[in-house]
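Good morning, colleagues. I would ask you to look at the sequence and the model together while I go through a few local features.

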Amino acid sequence: MTRIIWMDGVIVDWDDAKIHILTHSFHYGTAVFEGIRCYNAAQGLTIFRLDDHIQRLIDSCKIYSMKLTYSAEQIKKAVLETVKINGSENYYVRPIVYYGYGKMGVNPLPNKVCMAVAAWIWDESTYTNHGGGIRAIVSSWTRIDGRSLPVLAKATANYANSVLARIEAINQGYDEAVLLNSYGRVAEASAENVFIVKDDRLITPPLTAGALRGITRDSILTLARDIGLESSISDFGREDLYLADEIFLCGTAAGIKPVIEIDHRIVSGGKVGGLTKRLSNKFQDVIEGKDNKYSRMWLTPIR
Ligand SMILES: Cc1ncc(COP(=O)(O)O)c(C=O)c1O
């Protein structure tokens, strides 16, 4: 199997894809990245919402004043080339933009802005499944907010907060952590957006709660409208998680992950809820290319 990584336009063997130990972003948390999924769909290998991911990467660069020398079209070509050379698999694709090796010190601007694109098969056992769902806690760590770090940028710095929350959950024997913001409202999970279902209505926190502009979140809100589900974007608290009829998390790596227990409280009888199931089935049809409307809108074929 060919395994390569795209590094600033050069195709490098997986084992040779190395950077200098004094690479600026490695020290100061200033890299920005994307997580994109490839799926084996009815039409063959496709990439899900590629343009939206590339736009978010460009937005992240803008927030961090990174002078990206690649256009959206060039990033798209780099992603497609990486996936094509690696072969037909259900890859997770990781473009990353970072300040390279050069001058150390907090100011990153003297350093070259570099880009790499890697692809690998995501380990689906990241979360332990309990009857199709996961067990979560509300973290003791507060979600970073825009006064300290820009949450809309998918920056490596933000993930220090996520890592602390995930470690806490795992150390307590749980799978995942939901983080509250500094106002005590639900923000998101360590690497997913959060939805609750209450009285047949889907609710997700606004981005201003401290959530990443999740592309899966947006897909779910769109698909919910399509299948006639009511949804709203509004703040809610920890106790709303306890009283929810259903809870699920969503993200590129996780897909749709039902939560069956939160802080020792059982959710939806410890089973995957009906509405979560309906949305998951619809989402699955879309990523498998079985829905023509969304195949045209959201799937980029690899040719
Ligand atoms: C902190 C965080 N929130 C939300 C998400 C979900 O975003 P998306 O659906 O675009 O993958 C992710 C995953 O990328 C994430 O890391």
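The side chains of S232 and S234 are joined by a polar contact of 3.4 Å. A polar contact here is a pair of N or O atoms within 3.5 Å; within protein, one must be able to donate a hydrogen and the other to accept it, and residues adjacent in sequence count only if both atoms are side-chain atoms. This is a predicted model, in which local features need pLDDT of at least 70 and side-chain atom pairs count only at pLDDT 80 or more, while totals for chains, interfaces and linings use all residues. Residues are numbered from 1 along each chain as its sequence is written, and side-chain values use heavy atoms, with hydrogens and water left out.

To stay with S232: this residue belongs to strand β13, residues 230-233. Helices (H or I, at least four residues) and strands (E, at least two) are DSSP runs, numbered from the N terminus. S232 counts as buried because its relative accessibility is 16%; buried means under 20% relative accessible area, exposed over 50%, and partly exposed in between, with a 1.4 Å probe and protein chains only. Leaving aside residues up to four places away in sequence, S232 touches R201, L202, I203 and T204, where contact means heavy atoms within 4.5 Å.

I turn to the aromatic residues. A pair of aromatic rings is described by the distance of the centres and the angle of the planes. Rings of Phe, Tyr and Trp (its six-membered ring) pair if their centres lie within 6.5 Å; planes under 30 degrees apart count as stacked, over 60 as edge-to-face, and the rest as tilted. By this rule the count comes to ten aromatic pairs. One of them is the tilted pair of F33 and Y159, at 5.1 Å centre to centre and 50° between the planes. Why does this pair tie together parts that are 126 residues apart in sequence? The reason is that F33 lies in strand β3 (residues 32-33), whereas Y159 lies in helix α4 (residues 158-171). F33 is buried, at 7% relative accessibility, and Y159 is partly exposed, at 21%.

The rings of Y92 and W122 also form a tilted pair, because their centres are 4.3 Å apart and their planes stand at 45°. Y92 is in strand β6 (residues 91-99) and W122 in the loop between β7 (113-121) and β8 (134-142), so this pair links parts 30 residues apart in sequence. Y92 is buried at 5% relative accessibility, and W122 is partly exposed at 22%.

The charged end of R135 sits over the ring of Y174, 4.3 Å from its centre, and that of R265 over the ring of Y242, 3.9 Å from its centre.

Finally, let us return to helix α4. Which residues of α4 are buried? They are N158, N161, S162, A165, R166, E168 and A169. They lie on the same side of α4, because they cover an arc of only 160° around the axis, the arc being that of the directions from the helix axis to the C-beta atoms. These buried residues pack against β8 and β9 (176-180). Just after α4, G173 takes a positive phi of about 85°.

Terms used
A charge sits over a ring if NZ of Lys or CZ of Arg is within 6 Å of the ring centre and within 35 degrees of the ring normal.
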